[in-house]
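Please open the model in your viewer and keep the sequence panel beside it. The stops below say what to select next and what can be found there.

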Amino acid sequence: MSAAAAEVLLVEDDVALREVVTEGLVMDGITIAVAGNGREALDYLGRSPLPALILLDLRMPVMDGYEFCLEQRTVDRLRPVPVWILSAELDAGPRAAGLQVAGFLRKPIDYHRLLGIVRQYVP
(Lines give C-alpha, C1' and ligand atoms only; values in the text may rest on other atoms or scores of the structure.)
Protein backbone atom coordinates (compact mmCIF):
# COMPACT_ATOMS: atom_id res chain seq x y z
CA MET A 1 0.00 0.00 0.00
CA SER A 2 1.23 3.51 -0.74
CA ALA A 3 2.02 6.10 1.89
CA ALA A 4 -1.21 7.96 1.11
CA ALA A 5 -4.08 7.67 3.56
CA ALA A 6 -6.53 4.93 2.61
CA GLU A 7 -9.76 6.17 1.08
CA VAL A 8 -11.48 2.82 1.69
CA LEU A 9 -11.04 0.24 4.43
CA LEU A 10 -12.07 -3.27 3.34
CA VAL A 11 -12.78 -5.59 6.28
CA GLU A 12 -13.02 -9.11 4.89
CA ASP A 13 -11.67 -12.47 6.07
CA ASP A 14 -11.92 -14.21 2.68
CA VAL A 15 -8.41 -13.71 1.29
CA ALA A 16 -9.38 -14.36 -2.34
CA LEU A 17 -12.26 -11.87 -2.26
CA ARG A 18 -10.11 -9.34 -0.42
CA GLU A 19 -7.44 -9.61 -3.12
CA VAL A 20 -9.90 -9.30 -6.01
CA VAL A 21 -11.66 -6.25 -4.54
CA THR A 22 -8.36 -4.64 -3.57
CA GLU A 23 -6.86 -5.17 -7.00
CA GLY A 24 -9.94 -3.79 -8.74
CA LEU A 25 -10.17 -0.68 -6.58
CA VAL A 26 -6.45 0.03 -6.87
CA MET A 27 -6.70 -0.29 -10.66
CA ASP A 28 -9.55 2.22 -10.53
CA GLY A 29 -7.38 4.68 -8.60
CA ILE A 30 -8.72 4.06 -5.10
CA THR A 31 -6.29 3.88 -2.16
CA ILE A 32 -7.33 0.95 0.01
CA ALA A 33 -6.40 -0.62 3.33
CA VAL A 34 -7.49 -4.11 4.38
CA ALA A 35 -8.24 -5.90 7.61
CA GLY A 36 -9.09 -9.57 8.13
CA ASN A 37 -11.62 -9.00 10.92
CA GLY A 38 -13.31 -6.31 12.99
CA ARG A 39 -10.58 -6.22 15.66
CA GLU A 40 -7.88 -5.61 13.02
CA ALA A 41 -10.08 -2.89 11.53
CA LEU A 42 -10.51 -1.11 14.87
CA ASP A 43 -6.77 -1.33 15.49
CA TYR A 44 -6.10 0.17 12.05
CA LEU A 45 -8.66 2.94 12.58
CA GLY A 46 -7.13 3.76 15.96
CA ARG A 47 -3.74 4.54 14.46
CA SER A 48 -4.50 5.83 10.95
CA PRO A 49 -6.32 8.69 9.26
CA LEU A 50 -9.99 7.82 8.78
CA PRO A 51 -11.08 6.42 5.42
CA ALA A 52 -13.97 7.89 3.48
CA LEU A 53 -15.74 4.51 3.54
CA ILE A 54 -15.64 1.12 5.25
CA LEU A 55 -16.66 -2.01 3.32
CA LEU A 56 -17.50 -4.62 5.94
CA ASP A 57 -18.11 -8.35 5.85
CA LEU A 58 -20.42 -9.64 8.57
CA ARG A 59 -19.19 -13.18 9.24
CA MET A 60 -15.55 -13.12 10.35
CA PRO A 61 -13.46 -14.68 13.11
CA VAL A 62 -12.22 -12.77 16.18
CA MET A 63 -14.69 -9.87 15.80
CA ASP A 64 -17.52 -10.08 13.28
CA GLY A 65 -19.14 -7.21 11.42
CA TYR A 66 -22.01 -6.88 13.87
CA GLU A 67 -19.62 -6.49 16.80
CA PHE A 68 -17.49 -4.06 14.79
CA CYS A 69 -20.49 -1.82 14.06
CA LEU A 70 -21.57 -1.80 17.69
CA GLU A 71 -18.04 -0.85 18.76
CA GLN A 72 -17.71 1.77 16.00
CA ARG A 73 -20.86 3.51 17.28
CA THR A 74 -19.29 3.96 20.73
CA VAL A 75 -16.21 5.83 19.45
CA ASP A 76 -16.95 9.47 18.58
CA ARG A 77 -14.09 9.68 16.08
CA LEU A 78 -15.27 6.60 14.17
CA ARG A 79 -19.02 7.13 14.27
CA PRO A 80 -19.21 9.40 11.17
CA VAL A 81 -17.41 6.97 8.83
CA PRO A 82 -20.00 5.35 6.56
CA VAL A 83 -20.15 1.55 6.47
CA TRP A 84 -21.44 -0.61 3.64
CA ILE A 85 -22.12 -4.24 4.52
CA LEU A 86 -20.91 -6.94 2.10
CA SER A 87 -22.55 -10.26 2.90
CA ALA A 88 -23.84 -13.50 1.48
CA GLU A 89 -26.16 -14.01 4.47
CA LEU A 90 -29.74 -14.16 3.27
CA ASP A 91 -31.06 -12.43 6.41
CA ALA A 92 -28.23 -9.89 6.63
CA GLY A 93 -30.22 -7.04 5.07
CA PRO A 94 -32.84 -6.84 7.83
CA ARG A 95 -30.26 -7.57 10.55
CA ALA A 96 -27.87 -4.95 9.14
CA ALA A 97 -30.66 -2.35 9.13
CA GLY A 98 -30.40 -2.18 12.91
CA LEU A 99 -26.69 -1.41 12.67
CA GLN A 100 -27.21 2.08 11.22
CA VAL A 101 -25.09 1.37 8.15
CA ALA A 102 -25.10 3.31 4.89
CA GLY A 103 -26.06 0.31 2.81
CA PHE A 104 -25.93 -3.39 2.03
CA LEU A 105 -24.43 -5.22 -0.96
CA ARG A 106 -25.04 -8.93 -1.39
CA LYS A 107 -22.27 -11.37 -2.26
CA PRO A 108 -21.24 -12.48 -4.78
CA ILE A 109 -20.26 -8.88 -5.38
CA ASP A 110 -21.09 -7.11 -8.62
CA TYR A 111 -17.85 -5.15 -9.00
CA HIS A 112 -19.38 -2.37 -11.13
CA ARG A 113 -22.05 -1.80 -8.50
CA LEU A 114 -19.40 -1.81 -5.77
CA LEU A 115 -17.31 0.73 -7.68
CA GLY A 116 -20.38 2.93 -8.09
CA ILE A 117 -20.93 2.83 -4.32
CA VAL A 118 -17.29 3.62 -3.60
CA ARG A 119 -17.39 6.54 -6.07
CA GLN A 120 -20.22 8.10 -4.02
CA TYR A 121 -17.68 8.57 -1.21
CA VAL A 122 -14.41 8.78 -3.17
CA PRO A 123 -14.86 10.86 -6.34
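**First stop: a proline in a loop**

Begin by selecting P108, which sits in the loop between β5 and α5 (111-121). The model is a predicted one, and in it the peptide bond that joins K107 to P108 is cis, with omega at about 0 degrees.

**The sheet**

Next, colour the strands: 5 of them form an open sheet with parallel pairing, and their order across it is β2-β1-β3-β4-β5. The edge positions belong to β2 (32-35) and β5 (103-106), and because each of these has a single partner strand, one side of each is left without a neighbour in the sheet. Looking across the strands, you can follow a twist that averages 20 degrees from one strand to the next. As background, the strands of a sheet pair through backbone hydrogen bonds, in either a parallel or an antiparallel way.

Zoom in on β1 (residues 8-11), which runs parallel to β2 and is joined to it by 4 bridges. If you select V11, its bridge partner in β2 is A35.

Now move to the pair β3 and β4, which also run parallel and are joined by 4 bridges; here L56 stands opposite I85 of β4. Is β4 enclosed or left open by the rest of the structure? Since 5 of the 5 residues of β4 are buried, this strand is largely enclosed by the rest of the structure. Both of its faces are covered, with V83, I85 and S87 buried on one side, and W84 and L86 buried on the other. In general, the side chains of a regular strand alternate between the two faces of the sheet.

Which residues of α3 are buried? They are G65, Y66, F68, C69 and Q72, and they lie on the same side of α3, because they cover an arc of only 160 degrees around the axis. At the start of α3, show the side chain of D64, one oxygen of which comes to within 3.1 Å of the backbone nitrogen of Y66.

Step back into the loop between β3 and α3 to find V62. Its phi is near 70 degrees, a positive value in a residue other than glycine, and V62 is exposed, with a relative accessible area of 67%.

**N37 and its surroundings**

N37 is placed in the loop between β2 and α2 (38-47), and it counts as buried, because its relative accessibility of 7% falls under the 20% cut-off. Display its side chain and you will see that it reaches the backbone nitrogen of E40 at 2.9 Å.

**The nonpolar cores**

The largest nonpolar core has 22 residues, and those with the most contacts inside it are L9, V11, I54, L56 and F68. Two or more residues are given to this core by each of β1, β2, α2, β3, α3 and β4, and the largest share, 4 residues, comes from α2. Selecting L9 gives a view of the packing, for L9 is in contact with A33, V34, A35, A41, Y44, L45, P51, L53, I54 and L55, again leaving aside neighbours within four places in sequence. In soluble globular proteins, nonpolar side chains tend to be buried together.

**Two distances to draw**

Select L78, in the loop between α3 and β4, where a relative accessibility of 6% makes this residue count as buried. L78 touches L42, L45, L50 and Q72, not counting residues up to four places away in sequence. Draw the line from the C-alpha atom of L78 to that of L50: the two residues are 28 residues apart along the chain, and these atoms are separated by 7.6 Å.

Finish with V15, found in helix α1 (residues 15-27) and partly exposed, with a relative accessible area of 43%. The C-alpha atoms of V15 and R47, which are 32 residues apart along the chain, are separated by 23 Å.

Definitions and conventions
Residues numbered from 1 in each chain as written. Predicted model: local features only at pLDDT ≥ 70, side-chain atom pairs only at ≥ 80, totals over all residues. Heavy atoms only, no water. Pairing = 2+ DSSP bridges. Axes fitted to C-alpha atoms, helices over the stretch in contact; angles between N-to-C directions. Buried < 20%, exposed > 50% of the residue type's maximum accessible area, 1.4 Å probe, protein only. Arc of directions from axis to C-beta. Polar contact = N/O pair within 3.5 Å; in protein donor to acceptor, adjacent residues only side chain to side chain. Core = buried A, V, L, I, M, F, W, Y, C linked by side-chain atoms within 4.5 Å. Contact = heavy atoms within 4.5 Å.
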